[in-house]
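Open the model in your viewer and keep the selection tool at hand.

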Amino acid sequence: MHRNAYVLLLATTLFWGGNAVAGKLAVGHASPMLLTSLRWAFAAAFLGAVGWSRLRVDWAVARRQLWLLVALGGLGFTAFNAALYSALNFTSAINASIEQAGMPMVIFAANFILFRMRVSWGQILGFLLSLTGIALTASHGDLRSLLALDMNFGDALMLIAVLVYSAYTVALRFKPDIHWLSLMIVMTSAAFVTSLPFVAWEIGTGRAIAPDATGWAITAYMVLFPSILAQIFYIRGVELIGANRAGLFINMVPIFGTLLSVMIIGEDFQLYHAVAIVLVLGGIWLAEHSGRKMASAEELLAAEEHSSDA
């Protein structure tokens, strides 16, 4: 179970790392809100064509929690990507990738505050290391700028995106028990609908840029990999090992995103990026190792209690 989850979550973060790079490449070739809307329109159409019969079976259950599914699609798919693609107009793909590693910290905190989920000291130390890496990246290597509230607008948008996707991840625990394909059809459709007001705003303010050939190629990548495959893999990963531990793998996004940004875009790799990545990798290893030990201990304790009761 763990091995399957790890493969799925690593593939997810590779696709998401590529999403940040694709968003940077799209600057000047397609505007952020229109790109977001097109992405989910095509994803919903593809999934609907493949899984319509499955959705008909699950519709009675899905309809009872339709507003929840609309909210999930609006948060995790529309709002997050609109913020991400907008941020990439002002900051680098490397920064946007590394800053996404702040999600596990927010997920841990939300699960502890809202649901009193247990966390170990190793997990706490792990996401504190990640937090330090995120702060270093957002401040472009100068932590004093954070104290002065002097932050690049793109980096500020990315921190908002982090909060949004963390809320989506925590809320996945409330999703109805339906087939993953039905779930994706409803949420991608909701993402398209909720993206339309953003597109209307972009057109009304004269900021809309219709995709050219490059923009359409980027859209095709976004539809297949970050939109369809990554979301399916992530949902399954959360089901297998839980939101806390699955969320930690988001820390791999900066690794893949940084490598792809340097290789494809040719962005400069700074010393503070290297330090931040080391902190992020150390945090994910420590938190995941501690989480597995705590889960194993709880399983052993439960087995002993069951044995004594018998």
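This is a predicted model: local features need pLDDT of at least 70, side-chain atom pairs count only at pLDDT 80 or more; totals for chains, interfaces and linings use all residues.

To find it, select Trp16, Asn19, Arg39, Gly76, Phe80, Asn81, Tyr165 and Gln231, which line the cavity. Now colour by element. Helices α1 (2–25) and α3 each give two or more residues to this lining. The largest share, three residues, is from α3. By class, the cavity lining splits into three nonpolar, four polar and one charged residue.

Next, go to the largest pocket. Its volume is about 420 Å³. Centre the view on Pro32, Met33, Ser86, Asn89 and Glu202; of the 25 lining residues, these lie nearest the pocket's centre. Then show α2 (32–64), α3 (66–87), α8 (153–171) and α9 (180–204), the elements that contribute two or more residues each to the lining. Which element gives the most? Again select α3: it supplies five residues to the pocket lining. Colour the lining by class, and you will find 18 nonpolar, five polar and two charged residues.

Now turn to the packing. The largest nonpolar core has 65 residues. Select Tyr168, Met187, Tyr234 and Ile241, the residues with the most contacts inside this core. Follow with helix α10, residues 213–241, which gives the most to the core: eleven residues.

Stay on Ile241. What does Ile241 touch, leaving aside neighbours within four places in sequence? Show His2, Ala5, Tyr6, Leu9, Ala246 and Phe249: Ile241 is in contact with each of them. A second core is separate and has ten residues. To locate it, pick Ile98, Ile134, Met252 and Ile255, which are among its members.

Last stop: the charged side chains. Side chains of opposite charge can pair when their charged atoms come close. A search of the whole structure finds three salt bridges.

Take Arg54 and Asp58 to start. Their side chains meet in a salt bridge at 3.1 Å, N to O. Both residues sit in helix α2, four residues apart, about one turn of the helix. Are these two partners buried or exposed? Arg54 counts as partly exposed because its relative accessibility is 31%. Asp58 has a relative accessible area of 7%, so Asp58 is buried; the cut-off for buried is under 20%.

Move to Glu239 and Lys175. Here the side chains meet in a salt bridge at 3.0 Å, N to O. This pair links distant parts of the chain: Glu239 is in helix α10, Lys175 is in the loop between α8 and α9, and 64 residues separate them. Glu239 is partly exposed, at 44% relative accessible area.

Glu239 and Arg236 both lie in helix α10, three residues apart, about one turn of the helix. Arg236 is partly exposed too, with a relative accessible area of 42%. Finish with Lys175, Arg236 and Glu239 shown together: salt bridges that share partners join these three into one network.

Definitions and conventions. Residues are numbered from 1 along each chain as its sequence is written. Side-chain values use heavy atoms; hydrogens and water are left out. On a 1 Å grid over the protein atoms alone, a cavity is a set of points where a 1.4 Å probe fits but cannot get out, and a pocket is an open set with protein on both sides within 12 Å along at least five of seven lines; lining residues have an atom within 4 Å of a point. Grid points are joined across faces, edges and corners, and a volume is the space filled by probe spheres set on the points. Ala, Val, Leu, Ile, Met, Phe, Trp, Tyr, Cys and Pro count as nonpolar, Asp, Glu, Lys and Arg as charged, and the others, Gly among them, as polar. A nonpolar core is a set of buried Ala, Val, Leu, Ile, Met, Phe, Trp, Tyr and Cys residues joined through side-chain atoms within 4.5 Å. Buried means under 20% relative accessible area, exposed over 50%, partly exposed in between (1.4 Å probe, protein chains only). Contact means heavy atoms within 4.5 Å. A salt bridge is a side-chain nitrogen of Lys or Arg within 4 Å of a carboxyl oxygen of Asp or Glu.
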